[in-house]
Amino acid sequence: MSILNPYRMITVLLLAFAAISIACGGTEVVTEKVVQTVVVEKEVVKEVEKIKEVEVEKVVIQEKEVPVDKVVTKEVVTKYTPEEGEEKASGQAATGEVAYTRQVLDKSKHPTSYGESPDLAAKVKSGDLPPVEDRLPKNPMVLDSSDLDGVGKYGGTWKRAFTGPADEQNIERISKNHMIFWNSQMTELRPHIAEDFESNADATKFTFKLREGMKWSDGEPFTTADVMFWYEHILLDDNVLPAKPGYSKTANGEMGVWKAVDDYTYTVEFSEPYGVYLELVSGLSVAGHLTQFPVCGGGFSPKHYMSQFHAAFVGEEEANKLAKDAGYDNWGTHFCAKNNPVKNVDSPVTTAWMPIKGFNEEESVWERNPYYWAVDAEGNQLPYLDKIVLSLAEDVEVLGLRVVAGEFDIQGRHVKPDKLPLLRENEEKGGYRVQFTSAAGSSAITVYPNQDYGAHGEGDKEIGDLLREADFRRALSIGFDREQIREAIFLGMGRSASACAIPDEPYAPGPEYDQMWSTLDVAKANELLDGLGLKEGSDGFRTKPSGDPLVLDVIAVTGAFTDSVGAAELIKKDWADNIGINLKITPTERSLRETRLKNNEAMLSIWGGGGASEPLFLFPNHDLAFNWESGMGPASGQWFQDSSVFGPPLSASIAKQQELWRQGAALPRSERIDIGKEIRKIACEEVHAITTITETPAWIFVIKNYVRNFPTGVPFTTVGQTPGSFYTEAFWFDQ
Amino acid sequence: MSSESNIEKVDNINSEERVSVASQGQLIWWRFRKHKLAVFSAILLLLLYLTTLFAEFFATSDPLESEAFRGLIQPQPIHFFDEGKLSPHVCAMEGTRDPYTYKKTYKPNCDKKTPVEFFTKGYEYEWLGLIPMDRHLIGVPEGYLAEEHIFLLGTDIQGRDMWSRIWVASRLSLSIGLVGVTLTLIFGISLGGISGFYGGFIDTIIQRIIEIIRAVPTIPLWMALSAAMPFSWSIVQIYFSITLIISLFAWTDLARVVRGRFLSLREEDFVTAAVLSGANERRIIFRHVMPSLYSHIIAAVSLAIPLMIISETALSFLGLGLQAPAISWGTLLQGTQNVQSVALYKWLMIPAFPVVGSILLFNFLGDGLRDAADPYSD
């Protein structure tokens, strides 16, 4: 939508005011243009203050004690505001203003009468379905897209591609069923399946209120029985989940206790503070019944359907017999397979579309869920789109070709940014546009020196000791020219920066860390290496302090999202020319990288992240030694999760980060900001990760011109399961 | 093959007599000469192997020298004449990035010319890893850098010169499997021969071994081996040793055929005659039986060499064989497995031509040799 047209602008402003007064956290939608108007600014502040006093207590409980004024300023600070003009613009050129679909939180503004799609209306008429009022819960989720294209038209099939049965995330990311969820900007928590949620003051007890009258896609009521079924018979049952997922435990490993208060209220209680819990359950970890990401779904499960496969309900013998008949070893794995709607289309769901054909087929088809619990601002039941049809494209290049040909309506997943010139050149022919999502702070090519290397007898201890030297890592980091990578790998977009360049994250330590140890300085790098006693050997490369040849090995994944082998070649050349470091590149297949890291065999490894846009306490895999995936400490990361494996880190700075993280995870958001900053500071001062180029549009979407209500200027995050965070049920086609 | 004098000697006799007195070698040579395409292929292949031996001499730039700001330049022609005078030069390539599509486009600017010289000094290299040299066929005068000026076949995404890379890649791709093929031949012929000639207990043992080996699937073996090779080895070393190990598995086909031929040939009269004349086993095998197998062995070799080139290319293309820092036809082509190379950067696919070309040449040559090696057929 064009905001430049003055007439349109007034309309937009009016709509924006309406929306702001409806949604309490309204400032987040203010576009740059709006802020420039003095009158508008005043209006906004006034509105927010008025509503805040009522709403804040109820919705964002952690911020209760913070004075209202302060909340407003803080929100403005955490909001993503491009500061550096051109540099930033390169990655954001197409995103322009910030606009997205928001939830209407003020119940007095909710619509009172409901509409539905013509095909469902016909079914109601023929008696196949109950009327829309009976299908919706008493208080449905209300989505307002007036910042975008507003109330839409029903109809249309969303054509998309997936790469095979393993690509479950494809549908999980666009069809959400979280208990609570983020807004599109990832700044505020919002109700989702739960109508309301709150935390007690010391963050040990969390209360969730479900939507009364909400139903599964087969028409059965959705109640706390489904939550308790999941808790008692999935989470606690060792046959189903032998290893308990991290989100059910505090940072110190204390399991939570789920309790149903009544049919629509339940609580989760921990024995110690768990301040990060609400944010955690809004993210990737417990993303709901449809999302199988950890194991066997999260948070709730359809008791009326799933109990027929569970030993506690039909007896172990019968459950095992069912499993054997279906070809499974035991009833636990069979149960989990049945609990996965992406492959078992018989399972009811609570998502906007329900499965008709699953991911184990050539084409996966999803149809409108007639019981979906959300409506638009005028009360029309969502989703607008009739269907999602995903066609199989096993090869990413074939998929790319079909994207260029304009075969898909909205496709971001599996579209590599190196296709950008081709995509842009064919925009008109393909009838689509290319849109960037800001992935600020995420460096898609990051080299992780493994500070656990050789610590547990898996590799050369002498090289490990070098990797544990901060000066060695610093020299590596300033020993190559990031501009080469920017030009060759990122099409000249983005900018070089340290892992602390995360302007939109509350834990960003400040501008003085932005370029720390991340600009080319050959003299300084050589000085640091000389200081470590690494002398030049006969072949022109530096040797180990003992005099043996020093060869560093880097694991670069082939066929990943960005060309890490290409980047490694550029780094190799610079290290050889500038600082006499001999780098050997080991192109590695993705799953082999996993094995190497899990066994602590990786010396250096390349992966994305390192100052990612994912909040520090929700997805810290690449920010500190958190688990096997943390390249800077895969062994101590695994030890952090389970103290029976490997051992504590030898590196003091890694140990310090881990300790700080444990402290922070227990605290509510406002209190853990300083701790978060401290973790980031250590990462950048000690160069735990050698980042390259940040603020690239690492994620691009190819959108057909008739697609409406697609947000602009919002970030791409793993935690927010983008594009799920765009509220896909409000998408519609203007055909 | 035969010497000139031999041919002259028999030229005086009429053609029918000539054939009846000619040695087998002469017959083969005559027959081969008639196959014009095969002769032509043989000459070209010889040239190809000779020139790739001097790959760095033909290269203009250091094939590893990257500069991202010179990435994806299209092929640049050499202009031989400047205003009517012979003065070889290239025009400067100036690139701009489109702010909307992010595509970088280069335009030749012939106001900025760089003279081109032949047999000139360029980057330093060690010929065959032994003799330090810096001569190149094509280069720029002193004071210029070839890496900055000459892009005969364009550059890849990291700004490395495709012309130079193709030369260096050709040497590796054409030669890396030769040792493996030779080993296959030696194993195949000797084990197959022993098995067929002696028969009995030895035959049974060797045949059972062959059956066991044939049951081992190659691709999973390949994957396992590439993971199992010593970590400190370079990619080329790993690949080379895998081809050697694979050749220990690949000889069975040839061995089976050789055994079969031996089984039938040892019953022939001329073998019996040789045995009765007191010829020893070695003489019988190599003098009497082997020549009847030449055509088959040549056919096997003429198939095995192109197969080895193709498998290097194919395995590298799949990411199993040679990989990126190594330069081979397969790795060069691996970089083009994307839509944008086909649509926008077509010159990146040039390495496909030497692959197709050399395979065809080998097949023509093999064709001619196979016909020639069995000169008594007609």
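Modeller: Two strands count as paired here if DSSP finds at least two bridges between them. The model is predicted. In chain A, strand E16 (residues 446-449) and strand E20 (residues 604-607) are joined by four bridges and run antiparallel. Within this pair, A:Thr446 of the one strand has A:Trp607 in E20(A) opposite to it.

Both strands belong to an open sheet of five strands in chain A, ordered E19-E18-E20-E16-E21, with mixed pairing. At its edges lie strand E19 (582-588) and strand E21 (690-691) of chain A, each of which pairs on one side only.

Helices also pack on this sheet. Helix H22 (residues 564-579) of chain A touches E16, strand E18 (551-557), E19 and E20 of chain A. The direction of H22 makes about 170 degrees with that of E19(A). Helix H23 (residues 590-598) of chain A packs on the sheet as well, with contacts to E18, E19 and E20 of chain A. For H23 the angle is given against E18(A), and the two directions make about 135 degrees.

A helix pair in chain B can be set beside this. Helix H8 (residues 178-198) of chain B packs with helix H12 (residues 252-265) of chain B at an angle of about 35 degrees, the axes being 7 Å apart. The crossing of H8(B) past H12(B) is right-handed. Residues of H8(B) that meet H12(B) include B:Leu185, B:Gly188 and B:Gly192, while those in H12(B) include B:Ala255, B:Val258 and B:Phe262. By class, this contact has 10 nonpolar, seven polar and three charged residues.

How values were computed
Residues numbered from 1 in each chain as written. Chains lettered and ligands numbered in written order. Predicted model: local features only at pLDDT ≥ 70, side-chain atom pairs only at ≥ 80, totals over all residues. Axes fitted to C-alpha atoms, helices over the stretch in contact; angles between N-to-C directions. Left-handed = near helix turned anticlockwise from the far one by under 90°. Contact = placed C-beta atoms within 7 Å. Nonpolar A, V, L, I, M, F, W, Y, C, P; charged D, E, K, R; others polar.
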